[in-house]
Amino acid sequence: MPSARIPLLIVGARVLDLDGDLDDPPVRDILCEDGAISAVGTDLAAPDGAQVVEATGMLAIPGLVNSHYHSHDVLAKGMFEDLSLEHWGVLAGPLGSKRSLAEVRARTLAGALECLHNGITTVQDMNSAAPFSDAVVDTIVDAYAEAGIRVILGMTVRDQSQLDTIPWIDALAPAELHGIIGTARDEPAAQMAFLEAAMERIGDSGGMLRWALAPSAPQRCSPGLLEAVADLSRRRSLPVYTHVYESRTQRIFAHERLQAHGGSAVRMLEDTGLLGPHVSLAHAIWLEPDELDKVASTGTNVVLNMLSNLKLKSGVAPILEYRERGVNIALGCDNCSCSDVQSLLQVMKLFCLLAAVSTPERTGVTAAEALRAGTLGGAHSAGLSGSIGAIKAGHRADLVLMDLADPAYLPYNSAIRQLVYADSGRSIRRVVVDGEVVVQDGRSTRVDEAALRAEIESLMPTVRADIDRLQAGYVKVRPYIDEVNRRAWSMPLPIHRHVGLPRP
Ligand SMILES: [Zn+2]
């Protein structure tokens, strides 16, 4: 169903186009009709009834695409630090499950609004909410529609327990503590049937919602579940998101436990029909050279998440290896309970800076390339190339107006470099999604943010009490997770993804 929006004419902005002048973009008008950009040019006439936005002195950039995100733990923002991925996973893994619908609505809205305030107009939400229910999924979809953000939604599926997927932990930790680590195994057929029914029932929210499939990680799924995901993806042309090799311990796990697939999570995906241009591998840090080649030769995407990877001690993804192989790179901000912020500006800057940690040579990784990954790379990973990620006629009207009077642009030397290296997002004045201004001067035009804040404050005592309970269980298993990581780190690998060698 096409959007029935009043036309929007943006007048006199410097329009940043990755194919054009990136240092001093030309002044243009942008006409948006029916949610799409109908023209970019000079002296465009306003159609009858159009909203006219005067944008002289503004930089217009394409809306940013947050290509790896989880909305289920937004309310745990800022609660944890100094945890490795394995520790964080046991502690924070259950945060999204068995929550009230009020919490589900509030956390989805809060996360969506933070994204919008930071210039993110599309979010790819890999959502872990258990147990599946129509009410939970409807609440998530409705909250996204209320916020006015474009969403690609994949409800996470898995059928292996947490205990199954951390090496040696079942033997190291006493049996009475296994429940804290996680022993639940979901039933694959029921999960897949639920998802297909939800897609049929809900549709695409007037084009603002695209469904995706989200097997949690190869090692967390049986081959049968991955094959079912591949089949549904083929039948309904759906993108697929999964986590691959986020940590060194996960790399070791694959060598030890995925022997049926040559000790490789990437081979496991290939064996079950899950590599290709419709598949995105989140993190993708600890791949070995033959796996990097396989990702490249199959056209599979990677989604890099520098903030959460650094916060969870996971290492640095091999940015240059992907670049040399021509792999499509998208960028994500990941969970609020680990990266704490939904800011693609921060991720784009880290993308540029971290590319250079392993070489003094020129890397070719520039601010323009970071913006490409944060817009067109994300669009490609979502199967939305040609639809989002650029301010061009025919694309959906998703864009951000940034004030060049902000100190980040004083003096104004290069729009692209100051956007990526200097601007914190403070300059954002308007955010447009599907032709509608959804953020203006720091406020949502759709959601009463003061009321949402009050609502969340009323929910937080329950959230905090439940997290305290999780913490109390977690400290009992913490020494065994330490031992797992020590063992994994003591085993040799042909690759390094930390700065310097592991400490002895
Ligand atoms: Zn993730």
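This report describes the domains, the nonpolar core, selected helices and strands, and some backbone features of a predicted model.

## Basis of the description

Residues are numbered from 1 along each chain as its sequence is written. Because the model is predicted, local features are given only where pLDDT is at least 70 and side-chain atom pairs count only at pLDDT 80 or more, while totals for chains, interfaces and linings use all residues.

The chain is divided into domain 1 (8-62 + 392-444) and domain 2 (64-381), with bounds that come from an automatic or database domain assignment. The C-alpha centres of the two domains lie 30 Å apart. Their contact takes 21 residues from domain 1 and 23 residues from domain 2, where two residues are in contact if their C-beta atoms, placed from the backbone, lie within 7 Å.

On the side of domain 1 that touches domain 2, the elements giving two or more residues are helix 15 (415-422), strand 16 (428-433) and strand 17 (436-440); helices (H or I, at least four residues) and strands (E, at least two) are DSSP runs, numbered from the N terminus. Helix 15 gives the most to this side, with five residues. By class, this side of domain 1 has 13 nonpolar, three polar and five charged residues, where Ala, Val, Leu, Ile, Met, Phe, Trp, Tyr, Cys and Pro count as nonpolar, Asp, Glu, Lys and Arg as charged, and the others, Gly among them, as polar.

## The largest nonpolar core

The largest nonpolar core has 154 residues, of which Ile30, Ala60, Ala112, Leu116, Met348 and Phe351 touch the most other members. This core draws at least three residues from each of domain 1 and domain 2. A nonpolar core is here a set of buried Ala, Val, Leu, Ile, Met, Phe, Trp, Tyr and Cys residues joined through C-beta atoms within 7 Å, and a residue is buried if 20 or more other C-beta atoms lie within 10 Å of its own, exposed if 12 or fewer, and partly exposed in between, with C-beta atoms placed from the backbone.

Leaving aside its neighbours within four places in sequence, Ala112 is in contact with Val123, Ala143, Tyr144, Ala147 and Ile149.

## Buried strands and their partners

Strand 6 (residues 64-69) is mostly covered, six of its six residues being buried. Strand 6 pairs with strand 7 in the parallel sense over four bridges, two strands being counted as paired if DSSP finds at least two bridges between them.

Strand 12 (279-283) is likewise largely enclosed by the rest of the structure, because five of its five residues are buried. Strand 11 (residues 240-244) pairs with strand 12 in the parallel sense over five bridges, and Thr242 has Leu281 of strand 12 as its bridge partner. Three bridges join strand 12 to strand 13, again in parallel, with Val303 of strand 13 as the bridge partner of Ala282.

## Helix 10 and its two sides

In helix 10 (residues 289-298), the buried residues are Glu291, Leu292 and Val295. Seen down the helix axis, these residues fall within an arc of 105°, so they line one face of helix 10; the arc is that of the directions from the helix axis to the C-beta atoms. On the other side of helix 10, Pro289, Asp290 and Ser297 are exposed.

What covers the buried residues of helix 10 includes helix 9 (265-271), strand 12, strand 13 (301-304) and helix 12 (319-325). Helix 10 is followed by Gly299, whose phi is positive, near 75°.

## Backbone features in loops

Most residues other than glycine have a negative phi, and most peptide bonds are trans. The peptide bond from Ala130 to Pro131 is cis, with omega near -10°, and Pro131 is placed in the loop between strand 7 and helix 3 (134-147). A cis peptide bond also joins Leu410 and Pro411, with omega about -5°; Pro411 is found in the loop between strand 15 (399-403) and helix 15.

Lys313, although not a glycine, has a positive phi of about 60°. Lys313 lies in the loop between helix 11 (306-311) and helix 12 and is partly exposed, with 17 other C-beta atoms within 10 Å. Asp441, also not a glycine, has a positive phi of about 50° and lies in the loop between strand 17 and strand 18 (443-444). With 9 C-beta neighbours inside 10 Å, Asp441 counts as exposed.
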